Amino acid sequence: MSINLVQKFKDQQVLSKLKSCDKEAFIKVYDDNVKDIHRFVYFKIGGREEANDLTSMIFLKAWNHIQNKTLEDAKTLRALLYKIARNAIVDYYRETGNKVTASLDDEDNRLEVIDEAENPQERLDRTADLELIKSKLPLLKEEYREVIIMKFVNDLSLKEIAEISEKSKGNVRVLLHRALNALRELVEQDTKQGIKQDTKQAKLAGNQGAKL
Amino acid sequence: MTNSQLIAKLNNLKKVNPDQKWLESNRELLLSQVSNSGAENLSIWKVMIINVSSVFKSAAQPAYALGVFIFLLLAGSLFSGPLLAKTKPNDSLYIARIISEKVKVNTTFSSVARNKMEVKFASEHAQDISVILSDPAFNNEANQDQVARLNNSFNEEVKTVKERIGRLSASGAAVSDNPSASKNDEVIIADSTKDGQGIQLSVQPLISATATLAIPAGFNLNATSVDLMATSTETEKVEPTKADKIIDEAQTLFDSKDYVKASDKLNEAYEIIK
């Protein structure tokens with residue numbers, strides 16, 4: 001409980017300072033949230049360079065909000081940042097005229113995840129999982145992808161997701177359930193196809209061996 | 001694949017981060033743009049005020065709510081009392097007055113004080129009813145139902161007053177009709193004779209002992225019994241019959257529709273009782 005109170009105090013302090021246009025508070029907000037926002041944008045639109053540009057724009061817009069005193073009574077700063085991010089992505093889609101069609105498997109800009117604590121086998125397994133999920137996410141519906149990223153990648157609570165997407169908590173819960181089912185079907189489909197192909201290849205190899 | 005397995009795979013995506021070089025360069029850029037927009041660092045005083053208000057907003061929210069609730073309760077009881085006391089039986093807020101009086105009675109621990117309070121409230125109600133019924137603008141044919149109700153209420157209040165006076169006298173609490181009587185007198189009676197004659201001493205504690213001695217002729221000083229009776233500061237001599245009589249007179253006047261005199265009689269009865 002004391003940790004919660006300390007965190008509440010810090011959040012309240014930052015919010016109050018932001019409302020007074022304190023730049024140090026804003027930089028702190030940037031440091032705390034930039035990776036989450038970047039990740040959110042990246043998994044939504046698929047390109048790293050575009051994600052970089054959009055993330056910069058999102059924080060500048062947030063600063064404009066603060067300066068124009070339109071921060072209002074934002075319950076959480078995170079919610080505000082995500083709302084700005086969503087709007088920025090919609091504008092991006094409008095300008096580029098497309099949504100995510102390409103896989104997140106960008107050969108030129110492969111995202112390397114280096115975790116020193118892992119052994120090579122763990123890293124291999126994780127990389128495989130990463131590639132699988134990254135390849136299937138763009139195939140999901142926009143709203144499914146969004147809730148999955150917010151909940152399971154960026155660890156937002158149901159309450160925060162509901163505030164950001166302007167839905168009720170119940171709706172968000174149902175959406176998450178459907179999104180997970182849809183993603184699981186895609187992944188299982190892929191796994192089944194992979195097994196079928198492996199079996200085919202094994203049969204072919206066996207036949208060739210027999211011929212020899 | 002189960003949902004939990006899928007979620008575990010999704011959690012791996014948390015480790016996907018932007019390039020460190022980009023992070024640093026973007027931070028510098030943002031900082032320069034924010035500085036150029038005229039933002040300044042807050043003064044120490046402003047920071048202190050923010051810190052204090054943040055403490056209250058974050059840590060004390062439940063305490064805040066409780067504090068505000070208690071304050072409203074106290075303020076309400078302080079300020080509403082005098083206001084509610086002015087409401088009359090035909091007002092809409094009269095019920096609030098009744099409720100607040102009941103709360104006061106129920107939160108009084110001494111039975112004597114409680115009975116006296118109930119006598120006070122009941123006699124005030126009866127007086128208010130008399131005042132209303134003495135107003136010809138109210139007491140007319142159009143309001144016969146309300147008049148009848150108020151008549152019943154008056155009878156109920158008078159009954160309450162009598163009952164409470166009865167309880168007060170039964171519990172030994174006394175009402176003195178002599179306002180000059182000292183409440184702190186100790187009375188010592190020595191009486192060894194069967195004819196009731198004896199020595200009566202009045203002693204005032206703390207200040208001085210003054211004794212008035214009246215010895216009847218032929219008194220035998222070989223007293224074999226001494227009765228000591230001390231009156232405490234809380235008790236006074238009982239005169240229930242006098243108050244009861246006045247209340248009965250008030251009832252008679254009320255029944256004969258002399259509301260003004262009935263109200264005066266009730267006031268007189270209350271003055272005796274208190």
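The stops below each begin with something to select.

This is a predicted model, in which local features need pLDDT of at least 70 and side-chain atom pairs count only at pLDDT 80 or more, while totals for chains, interfaces and linings use all residues. Residues are numbered from 1 along each chain as its sequence is written, and chains are lettered from A and ligands numbered from 1 in the order in which they are written.

**Stop one: chain A**

Select chain A and colour it by secondary structure. Along the sequence the pattern reads α-α-α-α-α-α-α-α. Of the 212 residues in chain A, 31% are buried; a residue is buried if 20 or more other C-beta atoms, placed from the backbone, lie within 10 Å of its own.

**Stop two: a helix pair**

Now select α3(A) and α4(A), the latter being residues 77-96. How are their axes arranged? They lie 9 Å apart, and the helices pack at an angle of about 125°, with axes fitted to C-alpha atoms over the stretch in contact and angles running from 0 to 180 degrees between N-to-C directions. The two helices are therefore oblique to each other, a class for angles that are not under 35 degrees (roughly parallel), over 145 (roughly antiparallel) or 65 to 115 (roughly perpendicular).

Show side chains next. On α3(A), the contact includes L54(A), M57(A) and K61(A); on α4(A), L80(A), I84(A) and Y92(A) are among the residues involved. Two residues are in contact if their C-beta atoms, placed from the backbone, lie within 7 Å.

**Stop three: where the chains meet**

Bring chain B into view. Here 40 residues of chain A are in contact with 36 residues of chain B. Highlight α2(A), which gives the most to the side of chain A that touches chain B, with nine residues.

**Stop four: one residue in chain B**

Finally, centre on Q127(B), in helix α6 (residues 111-133) of chain B. Is Q127(B) buried or exposed? Q127(B) is buried, because 21 other C-beta atoms lie within 10 Å. Not counting residues up to four places away in sequence, Q127(B) touches S263(B), L266(B) and N267(B). Draw a C-alpha to C-alpha distance from Q127(B) to S263(B): the two are 4.8 Å apart in space and 136 residues apart in sequence.

Key: Helices (H or I, at least four residues) and strands (E, at least two) are DSSP runs, numbered from the N terminus. A residue is buried if 20 or more other C-beta atoms lie within 10 Å of its own, exposed if 12 or fewer, and partly exposed in between; C-beta atoms are placed from the backbone.
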